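User: I am new to reading protein models and would like to learn how to go from single residues to the whole fold. Could we take the features one at a time?

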Amino acid sequence: MICLYCHGRITVELNLLNLFSQPKKVCESCHLKLTEWRRGERCRRCRKIKDSGEAACRDCAFISRRFTSVRNIRCLLDYNSEVKMMMHRYKFVRDVALAEVMADFIDIKAWQYDVIVPIPVSDHRLQERGFNQITEVLKRSGTAYTELLATNKIQLQSERTKSERMKSDNPFSFDAGQKDVKILDKRILIVDDIYTTGITVHHAAEIIMQRKPAYIDVLTFSKA
Ligand SMILES: [Zn+2]
Ligand SMILES: [Zn+2]
């Protein structure tokens, strides 16, 4: 088998333990590099590496002042240099095969959610990139999702400063085609690719909360 990340050969010795398990998509060395978490004291909620002298996480404090916080935040991978490179190859070099690698880390099927909502990508971005970087991963992991939200946002979040983002109005709205999806008392999971300050997912949650779900959790592929 070939590693989907480095394209090196994966040699697996067949034994009783791995005979019936899923074949691996990335080699052991790539797996180690992608799953490594950088050292440092982290916020227990969003897993940001805190600055020295930062007692409580400033990002989470800001979010809790401005928004109704979501219940739990889960990040699959740290944004270490390898993950950063992978995301770049995936989103900007448009190496869509990497969706398969990220899908390998997703285990949503084991959790209990009624509606899984990917953060929407604007039509402009979709045309430019050719694929939605979030739903592509969900598809490949066999996770059913609902494109509940729409956006008109054109600028990339990473191209804007934090204060620009704070000032901006909510870029999301309910997708007109998804009016009949039941949200009241449902367990919702919002999925995004990178969690930076948390503003994007909390904007999305703000819209969904209008329909009073039981709770909203967040899953992101990576924590910046
Ligand atoms: Zn590899
Ligand atoms: Zn935090």
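User: Let us begin with one helix: which residues of H8 are buried?

Analyst: This is a predicted model, and in it the buried residues of H8 are Ile 199, Thr 200, Val 201, His 202, His 203, Ala 204, Ala 205 and Ile 208. An α-helix has 3.6 residues a turn, so residues three or four places apart point the same way. Here eight of the 11 residues of helix H8, which covers residues 199–209, are buried, so the helix is largely enclosed by the rest of the structure.

User: Which residues have the most contacts inside the largest nonpolar core?

Analyst: In soluble globular proteins, nonpolar side chains tend to be buried together. The largest nonpolar core here has 44 residues, and those with the most contacts inside it are Val 117, Ile 188, Ile 190 and Val 191. Strand S5, which spans residues 187–195, gives the most to this core, with six residues. If we set aside neighbours within four places in sequence, Ile 190 is in contact with Val 117, Ile 119, Val 201, Ala 204, Ala 205, Ile 216 and Val 218. Among these contacts, Val 201, Ala 204 and Ala 205 are buried residues of H8.

User: How many helices and strands does the chain have, and why can we call it as compact as a globular protein of that length?

Analyst: The chain has eight helices and six strands, which follow one another from the N terminus as α-α-β-α-α-β-α-α-β-α-β-β-α-β. Its radius of gyration is 18 Å, close to the 17 Å that the globule rule gives for 224 residues, so the chain is as compact as a globular protein of that length. Along its principal axes, the C-alpha trace spans about 55 × 50 × 35 Å.

User: What share of the residues is buried?

Analyst: Buried residues make up 32% of the 224 residues in the chain. Turning to contacts, among those with a separation of 6 or more, 75% are between residues 24 or more positions apart.

Notes. Residues are numbered from 1 along each chain as its sequence is written. Chains are lettered from A and ligands numbered from 1 in the order in which they are written. This is a predicted model: local features need pLDDT of at least 70, side-chain atom pairs count only at pLDDT 80 or more; totals for chains, interfaces and linings use all residues. A residue is buried if 20 or more other C-beta atoms lie within 10 Å of its own, exposed if 12 or fewer, and partly exposed in between; C-beta atoms are placed from the backbone. Helices (H or I, at least four residues) and strands (E, at least two) are DSSP runs, numbered from the N terminus. The radius of gyration is taken over C-alpha atoms; the globule rule is 2.2 Å times the number of residues to the power 0.38. Two residues are in contact if their C-beta atoms, placed from the backbone, lie within 7 Å. A nonpolar core is a set of buried Ala, Val, Leu, Ile, Met, Phe, Trp, Tyr and Cys residues joined through C-beta atoms within 7 Å.
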